[in-house]
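Here is a short briefing to read alongside the model. Keep the structure open and follow the points by topic.

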Amino acid sequence: MSFSNLYPVTTSVRRLSDLSGLWNFKFDPDGLGKKEKWTQGLPSPMTMPVPASFADIFTDKKSREYTGDFWYEKEIYIPGEWRDMEVGLRFEGAAHRATVYVNGTKAGSHEGGFLPFTVIISKSVAFDAPNLISVQVNNELREDCLPVGRTAELADGSKMAKGYFDFFNYSGLIRPVKLVALPKKHITDYSLTYSLIDKCAEVNYSVTANHKNGFRVSAAIYDESGNLSGEAEGKEGSIYISNVRLWEVHNAYLYKFVFKIIDGETVIDEYTDQIGIRTFEIDGHDFLLNGKPIYMKGFGKHEESESSGRGLNPSVLKRDFELMKWIGANSFRTAHYPHSEETLRLADREGIMVVDEVAAVGLMASTLNFFDASQGPQTRFFQKETTAKLLERHLQQLKELILRDKNRACVVAWCVANEPETTDDESRPYFETVFAKARALDPQHRPLTFTSLMTATPDKCKCADLCDFISLNRYYGWYVFGGNEITAAENIFRQELAGWTGRIPDKPFVFSEYGADTASGIHKLPSVMWSEEYQTEYLNMCHRVFDSLPFVRGEQVWAFADFQTGEGIMRVDGNKKGIFTRSRQPKAAAHLLKERWEGLPLRFKSEEE
């Protein structure tokens, strides 16, 4: 098995087949699959769509809540003309861990349900003949895996996922599965960095391959009209583009990059990608996109929808981007896990900035994470016996995320964790290791952050100074001092921020979460919590605070849309903090935000405003 960080494409020498559709499927609550040789055929399977999460497809609770092993199976044919190629199965997302078998033989396994992996199957398959693909998937939660949680056993012997996070544990083959065929000698990766000088761009590239000698590398860049903008030869080099068209928010321009391995006059391999050229950095309190200040406005955003759960749904994905453009948003955070590659490629095309988050959520031992993060007890999370193994997996998934997304123009920052318990002294060495790893991996040196929970106040947080910008999740007026106490909430909110000014005076702050649960259609005068009127009053209060503080340079409201959570008396069929309903229709707050965001100056709060 090899980690595949290059998105699969068809070129003159690369081949690709999408295996999306109906697969065979079977639960394995007793762990009989291996013993009974299900790798050679599932007994009495049902059908299941891929990609999709299985949970919301069922009508019975036992199936919807199923936790444990389950199997997928599909018969595929592989063309004979692929005999001399390296053939692989690429899984874009198998939540949360998977083992792949081909014709009964193990081909590989992977941990981490939101990142892609490829198993090489060239030596295990028959060409021009049927081949059986079997995948054993497991969705149990543990304290040494991401996302973090535990698995309980109920009285009837069944298992139940207990996440230390506030979203439903959707699982399965949640993203496409693709059959790929590459030349035996092929490009394995490439990296890009940029320098801007007046109207010109210097594009620095490096290309790696699975062999080192006996070939040359060429690189070429074409504009959107197909005209050659520049070219170079060598595994590393620079290409100068005059009168460059830069990638801008809501005005994306994508160049076509073509990399080739050439032996004599023969093209051994060719890889193409659509890439936006831009720079992003921090200068004092300013975020600078292409050297110009920009204020972040947008959402924390889950990747899920009705019926398909966390499964990739292109129609919903496109609708989400249309809503973001309609409301005037320019950014979102991929809460709380890497979103699909299709999501990021669409963000590239639409000109939406992304704060890209690894699945390090639940780093506080609480099944009421959303409540305890605001006012709960200390759990000494980073002093557990499982911490060393968790850190190992955290670093691995961070590496896979950065390798996957490092060339995407839309990705302007990395978020290395959501609401970790950084009030624990042991959190400091843990996150020093995480931040050092991230800084070493990204050739573009994007800014780094983590989102801070409410109990990690400026006098208690041990790790905030590690961040290049501070991301605060704050719910004054909802989880604390809600309803008629909202005036007190505003005063206490301002007091905390005054403390942050004293501790970290020279970095930008982003409110990565702020919001109030709202049941669409509930109206009340005077307002009460859960009404649409209260949500708008709450947002107006937060915005008064943001606008009065010069170091606040971004707001990403929680959340883009209502989303599913586990059951509980604190949740009414999920989290209702969405600005849009789960069916992607606006609440009153959507119109408030549209007016605000469309009215904010492009360089809000900057000295150039």
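**Briefing**

Lys26 stands opposite Trp71 in strand 4. This is a predicted model, in which local features need pLDDT of at least 70, side-chain atom pairs count only at pLDDT 80 or more, and totals for chains, interfaces and linings use all residues. Residues are numbered from 1 along each chain as its sequence is written, and side-chain values use heavy atoms, with hydrogens and water left out. Helices (H or I, at least four residues) and strands (E, at least two) are DSSP runs, numbered from the N terminus.

**Sheet**

- Strand 2 (residues 21–28) and strand 4 (residues 69–77) run antiparallel and are joined by 5 bridges.
- An open sheet is formed by 6 strands in the order 3-2-4-10-7-8, with antiparallel pairing. Two strands pair if DSSP finds at least two bridges between them.
- Strand 3 (46–50) and strand 8 (105–111) are the edge strands, and each pairs on one side only.
- From one strand to the next, the twist averages 30 degrees.

**Helix 3**

- In helix 3 (residues 341–350), 8 of its 10 residues are buried (under 20% relative accessible area; exposed is over 50%, partly exposed in between, with a 1.4 Å probe and protein chains only).
- Among the buried residues are Leu344, Leu346 and Ala347, and also Glu341 and Asp348.

**Helices 5 and 6**

- Helix 5 (residues 387–405) packs with helix 6 (residues 427–441) at an angle of about 20 degrees, and their axes are 10 Å apart. Axes are lines fitted to C-alpha atoms, for helices over the stretch in contact, and angles run from 0 to 180 degrees between N-to-C directions.
- Helix 5 and helix 6 are therefore roughly parallel to each other (angles under 35 degrees).
- Residues of helix 5 including Leu391, Leu395 and Leu398 meet residues of helix 6 including Phe431, Val434 and Leu441.

**Loops and backbone**

- A cis peptide bond joins Leu525 and Pro526, with omega of about -5 degrees. Pro526 lies in the loop between strand 31 (509–513) and helix 8 (532–547).
- Trp558 and Ala559 are also joined by a cis peptide bond, with omega of about 5 degrees.
- His250 is not a glycine, yet its phi is positive, near 60 degrees. At 40% relative accessibility, His250 counts as partly exposed.
- Asp573, also not a glycine, has a positive phi of about 55 degrees. Asp573 is exposed, with a relative accessible area of 59%.

Definitions and conventions: Parallel < 35°, antiparallel > 145°, perpendicular 65-115°, else oblique. Contact = heavy atoms within 4.5 Å.
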